[in-house]
Amino acid sequence: MELSQIFNYLLKKRNLFLMLAGESALFGLALLISYSLRFEFDIPEPFLRQMFSLLPVVVALKIGFFWMTGLYRGMWRYTGLPDLWKIGRAVFMAEAAMILYVAYISHFRGYPRSVFILDALLAFVFACGARVLIRSLYEITSKPGEWRNVFLPDNFCASSSGTRVLVIGADDDGARIAKEILEVRNSGLRLAGFVDNNPDRIGRRIHGLPVYGPLEDLPRVAAMACAQEVLVSAGQQGARLRQIMKACEAAQLGIKKLPALADIASGKVSIKSLRDVRYEDLLGREEVRLDEEEIKGYLRDKVVLVTGAGGSIGSELCRQIIRFEPRQLVLFDAGEENLYSIEMELLHQHGFTRYVTVLGQVQDASLIDAVFSTHSPQAVFHAAAYKHVPMLECNPWQAVTNNIIGSRTVMDASARHKAERFVLVSTDKAVRPTNVMGASKRVAELIMHGYQGGPTKFMAVRFGNVLGSSGSVIPLFRAQIERGGPVTVTDREVTRYFMTIPEAAQLIVQAGALGRGGEIFILKMGQPVRIADLARDLIVLSGKDPAEIKIKFTGLRPGEKLYEELITEGEGIVETGHEKIMVLAASVMNGLSDEQYRSRLEELLCELESQGAQFMGEEVKKILGRIVPEYCADGNCNSAVCGCVLTEK
């Protein structure tokens, strides 16, 4: 090797050699101080010679064990607690090796034993101290203008820029959040401290920041700390988050939610990626546990058709389905813009290319048959439906055409082309329906029962309102809040079940794996939510004062109920293998054979289709009442079944 190459190598590794040289000097100093302390800084000549004879062995052993434990592969400026544990192990092993060496050469005769204890302690202190000093110097020099933080209290040296914030929770998550913020330059945040309910933490300091409390004292704490916002961790949700939100409302503070610590650690997001608290956070819905092996069993390497693929539920179904590697995904939708949107998302955001798009109506029997003939889907998710209650009250024939005839068309094609599974997306409004939309979805469930017995497994999934879906009240409320109000709620006591779009789609996919044919699955929706409370929460989350934005009660609209149900009379619930999915145990055949059931249902459907084609709204509602006896049109329930063959016992 040429001299220039040697020089370049040494130059490249100069930091390593500096570390080795510096650490060797520290280890030598530790041994010298150990002997000095043992002999009260007056080392006799024989022991001085003994010390010098041990010096190279001590240094070599410690350098060797430090090297073996990887302590010279790290960068001292990033020293953390794991490195200090490594130093402890390396010093212990080096000292043990040193004792064995001395025992071997002299059986410890003439060697002061206390020297070895002192040497180990001092070597550990010097090695840790050197690394901590390097890290401290690096942090000071990397933040010019903040060097005075080392010497002055926080009140004297707080940065003058950025939003002054309080972190809710002085637990491990809160401490890690604060550490991340403190280590990020130009985060735009100035930490004022923590707020916690634990009396053992209140009054303490974490990372030099005070811990205030309890949460009920947030108005006083915020005024004292001059705070402008509070930060909550990703784990804060549900009732706990609602409590925090009320405290922030009293203190007139903004509230922001931080990304998950795992996402920050993995580099997916930055600590700067704050977001407003969403209403979904207040629901506190737990993460769905999926049986991925069961789902892969019916989706992997299969052709999957999703109708209504561009809608809120349909598009989320597509996102969930591609996780399980289908051979092909057929996207069917009536809306050009929605279909294009989900196509671009799958292609550009998810990198999924094994899809085809079909623009058309589900009631177009020729098109549906062509889709099944061309692509032979093995799993079908039928999410295409009209679902706006007041709109369908005014246009009931559209509910017949789309929700009933369209569903029957897709089911019929699935049965004829021997698809493996068909999953109908239904609604809690199908239970004792008081509106055309709910009645039409109940009819679709009854049609589904008529297709049992063949090679295709038909099933339905029933759930409540989905936050953020098209037609949801939340976008309307937000728009009204932005305009300064009032926020319109139909009734003070009206309640609804809610779940998030991803949760609904995941459970639909899971239910598809559980079905054996003929089931109506019910998703556990948690507790119903008062819409008036939802409106008030959204006002607070928007940073507005509920005293300034009024809530106006307008009265129930046609077809609306005060509360929704998930099961009807005669339907029993049976648990499944999934904690969030139940199945109904009820027969709709009323003692009829499959053929008789289908024949009588088809007669009524033909009559319904005929009246719908003539736009006879009242006649459509009457026929719906004959098919679904529990349907109450305009408050008039069909208690007499009039010989209807579809009555449930």
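These are my notebook entries on a predicted model of one protein.

**Ground rules.** I number residues from 1 along each chain as its sequence is written. Since I'm on a predicted model, local features need pLDDT of at least 70 and side-chain atom pairs count only at pLDDT 80 or more, while totals for chains, interfaces and linings use all residues, and side-chain values use heavy atoms, with hydrogens and water left out.

**Confidence.** I looked up pLDDT (the predictor's confidence in each residue, from 0 to 100). The protein averages 81, and 81% of its residues reach 70 or more. Residues 145-160 stay under 50, with twelve contacts in the model beyond four places in sequence; contact means heavy atoms within 4.5 Å. Residues 638-649 are also below 50, and that stretch has 32 contacts beyond near neighbours in sequence.

**Whole chain.** I get 23 helices and 24 strands, taken as DSSP runs numbered from the N terminus (helices H or I, at least four residues; strands E, at least two). Of the 649 residues, 48% count as buried; my cut-offs for relative accessible area are under 20% for buried, over 50% for exposed and partly exposed in between, with a 1.4 Å probe and protein chains only. Among contacts with a separation of 6 or more, 75% are between residues 24 or more positions apart. The protein exposes about 31400 Å², and carbon and sulfur atoms supply 55% of that (Shrake-Rupley method, 1.4 Å probe; for residues, only the protein chains shown count as cover).

**Annotated spans.** The unreviewed UniProt entry puts "transmembrane region" on residues 16-35, 47-67, 87-104 and 116-134; such annotations may be inferred rather than shown by experiment. I checked two of these spans against the model. Residues 47-67 are 100% helix and 0% strand, with end C-alpha atoms 29 Å apart. For residues 116-134 I also find 100% helix and 0% strand, with the ends at 27 Å, C-alpha to C-alpha.

**Patch at Tyr104.** Tyr104 sits in helix 4 (residues 81-106) and is exposed at 70% relative accessibility. Together with Tyr101 and Ile105, Tyr104 makes a nonpolar surface patch of about 350 Å². Patch residues have over 30% relative accessible area and no salt bridge, with like charges joined within 9 Å and nonpolar side chains (Val, Leu, Ile, Met, Phe, Trp, Tyr) within 5 Å.

**Salt bridges.** My search of the whole structure finds 25, each being a side-chain nitrogen of Lys or Arg within 4 Å of a carboxyl oxygen of Asp or Glu. Arg442 is buried at 2% relative accessibility, whereas Glu630 is partly exposed at 21%. Next came Glu445 and Arg462, whose closest N and O atoms are 2.6 Å apart. Glu445 is in helix 18 and Arg462 in strand 13 (residues 457-462), so that pair links parts 17 residues apart in sequence. Both Glu445 and Arg462 are buried. Through shared partners, salt bridges join Arg442, Glu445, Arg462 and Glu630 into one network.

**Gly254.** I ended at Gly254, in strand 6 (residues 254-257), which is partly exposed at 29% relative accessible area. Leaving aside neighbours within four places in sequence, Gly254 contacts Gln228, Glu229 and Val230.
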